Amino acid sequence: MIPRLTSPFAIDDTESTFFESLIEAGFTGDIDASTAARIVSATDNSIYQLAPRAVIFPKGAEDLCVLTQVLSEPRFREITIAPRGGGTGTNGQSLTSGVAVDCSRHMNRILEIDPVRRVARVQAGVVKDQLNRELEKHGLFFAPELSTSNRATIGGMISTDACGQGSCLYGKTSKHVLGLRVVLVDGTDVWTRPLENSALSEVCARSDRLGEIYRIVDRITREQQAEIKRVFPELNRYMTGYDLAHVRRADGSFDLNAILCGSEGTLGIIAEAELNLLPIPARSALFNIRYDNFNNALEDARELARLGVASVETVDEKVLGLAKGDIIWSEIARFFPDNVDTASNGINIVQVLGHNDADLKGQMAIIEKALGNVALRHMGYSIAMEKRDVEAIWLMRKRAVGLLGNVEGSVRPVAFVEDTAVPPENLAAYIREFRSLLDNEELSYGMFGHVDAGVLHVRPALDLTRTDHQHKVRRISDAVVALTKKYGGVLWGEHGKGVRSEYVPEYFGPLYPALQAIKAAFDPENRLNPGKIATPGYAKLLKIDDVPLRGNFDRSIGDDIRAAFDNAAYCNGNGACFDFDATSPMCPSYKATRDRRFSPKGRASLMREWLRLLSEKKVDPRNQAERQNQISSLLNLPIRAWNTINPANRSDFSHEVRAAMDTCLACKACAGQCPVKVSVPVFRSKFLELYHTRYLRPIKDPIVAMIETLLPLIAKARPLYNTFVGSGAGRTILRAVGLTALPAMPPLSLEKQTQAMGVMIASVERIADLSVEARATSVIFVPDAFTANFDPEVIVSALRLAKKLGLTPYLAASHHNGKALHVHGYLRAFRRRASRTSNYFDKLTELGVPLVGLDPSMALTFRSEYAASPETQTKARVLLPQEWLRDHLHSIKIDNPFIPERLILLPHCTERTNATGGLADWRQVFRAAGADLEIADVGCCGMAGTFGHEVRNRSISEKLYQMSWKDHIDQAEGRLVMATGYSCRSQVKEIDRKSVPHPISVLNAMMGSDGT
Ligand SMILES: Cc1cc2nc3c(=O)[nH]c(=O)nc-3n(C[C@H](O)[C@H](O)[C@H](O)COP(=O)(O)OP(=O)(O)OC[C@H]3O[C@@H](n4cnc5c(N)ncnc54)[C@H](O)[C@@H]3O)c2cc1C
Ligand code: SF4
Ligand code: SF4
């Protein structure tokens, strides 16, 4: 049995009084001082871990005013705060030991879009892609680009002065900020916009904090002009934050926003922003240029950047290799073919834009001419012009940083010198020295960058649980600072300073006291994100080896246990799982709740802390599970019952972990799409198994776990079952045990229908008796319990389709898939059942007959859950229907005029994220049938196996359905909408009372009437 775990945190009197005072003063947002909330906000994408005292989630500017006013009370003097957006900083920018002010949960409204003035006003927590999604309707966009655009917030972008690809054309975020609504530390709520001199004089005359701020900044910019010019390099990536070089604009106006942009929450909290918008370029093309080595790519990039292109991005062999294994690669592989004799070891991606076709062609001709120049070193190139292709290639580039994290073992790429910038003309020489620096430290690394802007992205691989590797962080950082200075560049060319603020005085030299004076004017008591960028004279800046490293916490967990828990401990906080987009499958529970505990990162962080707390108690969870498996769970029932009701256990940290796990739909989008392959469903089941060694299970758990055994029995009494689930009394009883929305069974069982068709069961003996020729024209369908009992028509269609393809179909014998057991953490029972099933399938596979599962989620269980433990690993590959049909395209003959005008497939999210080639296969299959298949971008339907059937999950389930499925179902007029997932079809039926067919049924209908 696992022990009770004590939270590492406590709430002191000042904190609880502070929270009470906030509520009394009218704070309307959420205040969360739970261990879980603090752990989840203790990391970003950096190497550091610093837990806040609490996380508060304001709802708007008014809440921020309340917060800062209460904070100003002398009794709360020791409390500091740090704003937080997407938490995607790479250098601890938003980490704090004070209170984290998370603007992403509620402050995410687009307040106004004025397409005429090309201006948008947004709250700080709006995500960049969320804004651009809305702006697209007006032909406009917010130009600064960054790799984390699907989760980084506008507040975070402004506060780090973010930019990325295309920065030479569009500049940084600050260039597009027209005005900021900022709440100062004393509660002042002000809009800062560029001021004419007369208006500046007026503000400077004020006696309040604002007057002082303007007076000081004005004085510094007037008196220290020469020093400012000397310190700020003439780079596209000039230094971010406190940007004294740009306070005076070209038109002579005075812009305080130059100081605020990039100030990393150290000067005020941004509540709203007024942003400048640009028209979306009418036409764009990407040149994808291949090289046999990275150096050649770099050398050419310099030439290409001179041609006035929109951007030049370079990727090295390592990142390219990782991209080839990524889900996006199948969509773009054709643009990056290897040469016959030489593989590509580096690429340049060059973007050209045009106002119209002729303009674009003109731009393209310039590049093509340059590429024809023998002096260039490339091996060939391709051009992408379709919007979808261009977006997919950029997506590959955006995912590159994350992909670097997808490695085995404890030595992993980490960010600390990942965004240096030097003048582009120095880049190649600089990179050569940088490489030898890392080579001398015997580190592996991947490189890519915005060559046009001289920015290099590199993440050396380290294991920061090792002290020798920790020392390398200091050595390499110091050496890189010296190197960037040698080449006229900066350490923080893109991602901001954060904990690296240690180097600020060194870069700013005699100008640093001016930065301190600005900080003192805004925040004299050093309450806002202290230790970053600049401090009022008396306080210290953070140092790169002063802030606790994540590795220090991980060390006690141990490598073996880290490795045994499915990458939970390796989540690097890049935030890819916070994708705002309802039509992307990642991560439904986060999307529905906007609670970061309920995201893959949240669950991984909690799991990591849980493993650490267990290790502090010298408990190896693997042994606990093993020991528990030796005894019957009935034996310790009394003790579990006592633990469950014993009040002393209420504060057990394991409950907080379980609460986070409970909302997971086990959809596996994380396992497929997280760059680090953090697989929540797998470690969740291990956690649940252990959790229930100490605590009782809810009553619905054993029912759900036995579902595969129960369904065939229930099916024998289907009229009774249907009456029960359809009646008020039946529903009340089911609700009492925690279940809801159970579907009715159709009148005819699968068994009866297949008997009528003469389809035989694929016993090993029967298949073995077939001749080799007969086996070559056979197929075995693997019916899962849900499709078989609730939607047998799909299996019947598949059997008929197989016959029409000239094959002999068989049905696999009754077996357990075990997914429901796995989901609920009945791992011992899962292993027992699954090993029997895999034994049976392995024998069939040895006989050479393909196995086909019709429900993607159930079929893919054989590839993932089965693969996760040695007893259940199956040699058999249960194919998805489209994978099987790929081998029979030539036999698809349409014998029915019925081809709907538009055929739309709503894929199951597990299929979309874990069998990524599968969607292209469906297109190919329907193309063979003479139809164009559209694959809809949908997230999770919300049902996800038994998740949506549980009362406690139903509201999340329905919310998810509304988010991306409902519109497709409502607009089905004139289109035939299909769904591959049994759960998805049953969710549509439950909520909208409509039937959507499986594509197999549609294909079968297209191939002629049944019986032919
Ligand atoms: C994989 C990866 C790729 C990246 N690629 C890029 C890139 O291409 N270009 C780039 O510029 N950056 C990049 N970054 C860094 C990061 O995404 C950016 O710095 C981003 O702008 C941070 O936004 P956020 O919402 O996550 O802010 P957070 O990380 O939450 O916060 C960043 C800083 O802003 C402050 N802040 C946040 N909200 C407010 C507010 N409302 N008021 C005042 N201060 C606030 C915080 O205190 C903190 O100091 C990358 C990061 C990762 C993990
Ligand atoms: S779970 Fe994966 S995607 Fe989410 S933050 Fe961690 S590593 Fe990134
Ligand atoms: S399985 Fe799905 S719901 Fe659960 S954490 Fe992963 S993405 Fe989120």
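**Around the two ligands**

Start with ligand 1: there are 35 residues around it, and Pro83, Gly85, Gly86, Thr88 and Cys163 come nearest (a residue is near if one of its heavy atoms lies within 4 Å). Keep in mind that this is a predicted model, where local features need pLDDT of at least 70 and side-chain atom pairs count only at pLDDT 80 or more, while totals for chains, interfaces and linings use all residues. Residues are numbered from 1 along each chain as its sequence is written, chains are lettered from A and ligands numbered from 1 in the order in which they are written, and side-chain values use heavy atoms, with hydrogens and water left out.

Now for the polar contacts (pairs of N or O atoms within 3.5 Å). A polar side-chain atom of Thr153 sits 2.7 Å from an oxygen atom of ligand 1. From the backbone, an N or O atom of Gly89 lies 2.9 Å from a ligand 1 oxygen, and one of Gln93 lies 3.1 Å from an oxygen of this ligand. The protein covers 99% of the 960 Å² of accessible area that ligand 1 has on its own (Shrake-Rupley method, 1.4 Å probe).

Which elements give two or more residues to this shell? They are strand S3 (81–84), helix H5 (154–160) and strand S10 (269–276), taken as DSSP runs (H or I, at least four residues, for helices; E, at least two, for strands) numbered from the N terminus. H5 gives the most, five residues. By class, the shell has 11 nonpolar, 21 polar and three charged residues; Gly counts as polar here, and Cys and Pro as nonpolar.

Over at ligand 2, 13 residues surround it, with Cys571, Asn574, Gly575, Cys577 and Cys674 the closest. That shell divides into eight nonpolar, four polar and one charged.

Terms used
A polar contact is a pair of N or O atoms within 3.5 Å; within protein, one must be able to donate a hydrogen and the other to accept it, and residues adjacent in sequence count only if both atoms are side-chain atoms.
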